[in-house]
Amino acid sequence: NGAKVVGLAAGSTTETLYQNRLKGDLNCENLTSINLDAYVGLTPDNPHSYHYFLQQPLCDNNPFKATYVPSGLANDFDAFFKEYAQIIKDH
């Protein structure tokens with residue numbers, strides 16, 4: 001069966017890995033993606049945000065079952081981190 005949840009990081013360090021993944025046959029329809037980082041203050045549609053970066057297809061044109069990306073716009077980061085930690089625990 002293997003992993004059902006994958007943790008993904010964004011940024012230039014991972015670009016080659018993700019580009020190479022596009023050449024494979026990974027089927028993500030039963031996988032949940034929990035993303036590890038975000039820039040504070042950037043909206044998800046900003047081309048410099050990790051949310052935007054991680055929207056690039058990683059799974060041969062089939063989307064993840066679910067995707068969680070941290071918000072860089074939270075009003076209360078302590079509360080947000082607790083909620084995000086719970087998402088991780090729940091998966």
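## Pairing of β1 and β2

V5 has T32 as its bridge partner in β2. Strands β1 and β2 pair in the parallel sense over four bridges. Two strands count as paired if DSSP finds at least two bridges between them. Strands (E, at least two residues) and helices (H or I, at least four) are DSSP runs, numbered from the N terminus.

This is a predicted model: local features need pLDDT of at least 70, side-chain atom pairs count only at pLDDT 80 or more, and totals for chains, interfaces and linings use all residues. Residues are numbered from 1 along each chain as its sequence is written, and side-chain values use heavy atoms, with hydrogens and water left out.

## The chain and its sheet

The protein chain has three helices and three strands. Along the sequence they follow the pattern β-α-β-α-β-α. Of the 91 residues, 26% count as buried. Buried means under 20% relative accessible area, exposed means over 50%, and partly exposed lies in between (1.4 Å probe, protein chains only). Among contacts between residues at least 6 apart in sequence, 78% join residues at least 24 apart. Contact means heavy atoms within 4.5 Å.

The three strands form an open sheet in the order β1-β2-β3, with parallel pairing. The edge strands are β1 (5-8) and β3 (66-68), and each pairs on one side only. On average, neighbouring strands of this sheet are turned by 15° against each other, direction ignored. Strand β2 (residues 32-35) pairs with β3 in the parallel sense over three bridges. I34 stands opposite Y68 in β3.

## Inside strand β2

Both faces of β2 are covered. T32 and I34 lie on one side, S33 and N35 on the other, and all are buried. In a regular strand the side chains alternate between the two faces of the sheet.

T32 counts as buried because its relative accessibility is 7%. Leaving aside neighbours within four places in sequence, T32 is in contact with K4, V5, V6, F64, A66, Y68 and H91.

## N35 and its contacts

N35 also sits in strand β2. N35 is buried because its relative accessible area is 1%. The N35 side chain makes a polar contact with the side chain of S33 (3.3 Å). A polar contact is a pair of N or O atoms within 3.5 Å; within protein, one must be able to donate a hydrogen and the other to accept it, and residues adjacent in sequence count only if both atoms are side-chain atoms. A polar atom of the N35 side chain also lies 2.6 Å from the backbone oxygen of Y68.

Not counting residues up to four places away in sequence, N35 touches L8, L54, T67, Y68, V69, P70 and Y84.

Helix α3 (residues 77-90) has 14 residues and should span 20 Å at 1.5 Å a residue. The expected span is 1.5 Å times one less than the number of residues. Its end C-alpha atoms are 20 Å apart, which agrees. D76 caps the N-terminal end of α3, with a side-chain oxygen 3.2 Å from the backbone nitrogen of D78. α3 lies across β2 and β3, running at about 150° to β2. Axes are lines fitted to C-alpha atoms, for helices over the stretch in contact, and angles run from 0 to 180 degrees between N-to-C directions.

F77, F80, F81 and Y84 form one aromatic cluster. The structure holds three aromatic pairs. Rings of Phe, Tyr and Trp (its six-membered ring) pair if their centres lie within 6.5 Å; planes under 30 degrees apart count as stacked, over 60 as edge-to-face and the rest as tilted.
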